[in-house]
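Please keep the sequence and the model in view while reading.

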Amino acid sequence: MQSLRFRYTAKRRLSGTRAKGIIGVVASGDLEILLERVAPEAACEVEIATPLRGYDETWKAVVGEFVERSSPGGLRISINDGGARPDTVFLRLMQGSALMESA
Amino acid sequence: MQAIATGARASWSQARARERLAGLLDLNSFTEFLDPTERVQSPHLHLFDLPSAFDDGVIVGRGKLDGKDVLVAAQEGQFMGGTFAEVSGAKLIGLVRAARDHRSLPQTVLLLMDSGGVRLQEANAGELAVAELMRAIVEARRAGVAVIALVGGKAGAFGGAGLTAATCSRIAISAKGRIGVSGPEVIETNKGVEEFDASNKALVWATDGGKTRRLLGGADAFAEDSIEGFRAAAKMLLTKIPAFDLKMMQAEQERLVERQTLFATCNDAVSMWRILGIKESEAIRDMDTGTFAALADSIRGANHDAR
């Protein structure tokens, strides 16, 4: 298993009041994303556990793009990866931030 | 932790475990025990370079079904085949034992089963979990707890999950639900293709599938493959919980002996359906839920208080 950890300062705090949420499932080609509103204001922390090694740059690009687009300030995001493709990762991240904004 | 609610007509077999729970229970009534933020994960999978899940593929908690308090456990069939392992097993066992020991907790447990059996990477813990869960269910039933299995997930209820289902007070199943011990591929590998041709899908579904299980009395309600369908079946079964005593066990023994004699010459499910008096036995496969459920309700032997 490989662990990756990224820290960002987002443009702003993600709207909504939901404290925690989970999306996706650890299945082949899919992933599970746990979102917790525990970080200070604009800070965002992303932790990834993946069985596939050597995709650090791809993860960095996909997660960076997500942070840029949805500005998930205040979230700690934890990922259990089942070998998801970059487009699936991005889709799930967007679903996750939408879930956290939904209440 | 609540999932995004899906439509009530959404397929049960296609839904994730959290979606099933969200739709099965009364709106926003679910409270999870050991939710994913507590990160009670498998301590073993990383040794095999395999990813863990934050809930280890089992979601436990309490909620309301049509206003009635219930305890619930749901297996996520898409994570490691919904398998019994150290953590996932302990969550199931803990829930059933809690119902057994605490009158103040809901005295109804709904098990949303979706499992291929024991997780091979944690086989010893998984086998123990199955044995302990079966014992816990039997003890809980003796203490007056109703345990209802809902079987309609893609992984079915095989191996230890099939055994566990058989210990429950009542079982609801859909056409896509399957209950068995050894799966078709396992039987073919061990006994040869003449014994069971796992590539013959019609044969496999007729043997392990929900319709045959219901007709033979291996399940007590036939549900539509939708979240609303299982909600309706669970509500109905709540009103029909059998006694669990020596008299009932003896009746079950007699019923099984009778069944063995009745179907002694059969070599497939269709020939069993014929003996049950179903004239157009081939039509069973394509029959819609309502028609089939009514037919099953009329078959003697499909309805009993045993098990």
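Leaving aside residues up to four places away in sequence, B:L150 touches B:L110, B:L111, B:L112, B:M113, B:A172, B:F230 and B:A234, where two residues are in contact if their C-beta atoms, placed from the backbone, lie within 7 Å. This is a predicted model, in which local features need pLDDT of at least 70 and side-chain atom pairs count only at pLDDT 80 or more, while totals for chains, interfaces and linings use all residues. Residues are numbered from 1 along each chain as its sequence is written, and chains are lettered from A and ligands numbered from 1 in the order in which they are written.

**Nonpolar cores**

- B:L150 is, together with B:V96, B:L111, B:I148 and B:A172, one of the residues with the most contacts inside the largest nonpolar core, which has 72 residues; a nonpolar core is a set of buried Ala, Val, Leu, Ile, Met, Phe, Trp, Tyr and Cys residues joined through C-beta atoms within 7 Å.
- Apart from that core lies another, of 31 residues, which includes A:L14, A:I22, A:L99 and A:M100.

**Helix 1 and helix 8 of chain B**

- In helix 1 of chain B (residues 17-24), eight of the eight residues are buried, so this helix is largely enclosed by the rest of the structure; a residue is buried if 20 or more other C-beta atoms lie within 10 Å of its own, exposed if 12 or fewer, and partly exposed in between, with C-beta atoms placed from the backbone.
- The cover over the buried residues of helix 1 of chain B includes strand 2, strand 3 (68-75), strand 4 (108-113) and helix 8 of chain B; helices (H or I, at least four residues) and strands (E, at least two) are DSSP runs, numbered from the N terminus.
- The axes of helix 1 and helix 8 (residues 227-238) of chain B come within 9 Å and cross at roughly 55°, axes being lines fitted to C-alpha atoms, for helices over the stretch in contact, and angles running from 0 to 180 degrees between N-to-C directions.
- That angle makes helix 1 of chain B oblique to helix 8 of chain B, given that angles under 35 degrees count as roughly parallel, over 145 as roughly antiparallel, 65 to 115 as roughly perpendicular and the rest as oblique.
- B:R20, B:G23 and B:L24 of helix 1 of chain B meet B:I227, B:F230, B:R231 and B:A234 of helix 8 of chain B.

**Helix 2 and helix 3 of chain B**

- Helix 2 (residues 86-101) and helix 3 (residues 123-142) of chain B pack at an angle of about 10°, with their axes 9 Å apart, which makes helix 2 of chain B roughly parallel to helix 3 of chain B.
- Residues of this contact include B:V96 in helix 2 of chain B and B:L133 in helix 3 of chain B.
- By class, the residues of the contact of helix 2 with helix 3 of chain B divide into 11 nonpolar, two polar and five charged; Ala, Val, Leu, Ile, Met, Phe, Trp, Tyr, Cys and Pro count as nonpolar, Asp, Glu, Lys and Arg as charged, and the others, Gly among them, as polar.

**Contact between the chains**

- Chain B contributes 15 residues to the contact and chain A contributes 16 residues.
- The side of chain B that touches chain A has eight nonpolar, four polar and three charged residues.

**Positive phi in a loop of chain B**

- B:L34, in the loop between strand 1 (31-33) and strand 2 (58-65) of chain B, has a positive phi of about 50° although it is not a glycine, and B:L34 counts as buried, with 20 C-beta neighbours inside 10 Å.
- B:R39, also placed in the loop between strand 1 and strand 2 of chain B, is not a glycine either and has a positive phi near 50°, while B:R39 is partly exposed, with 13 other C-beta atoms within 10 Å.
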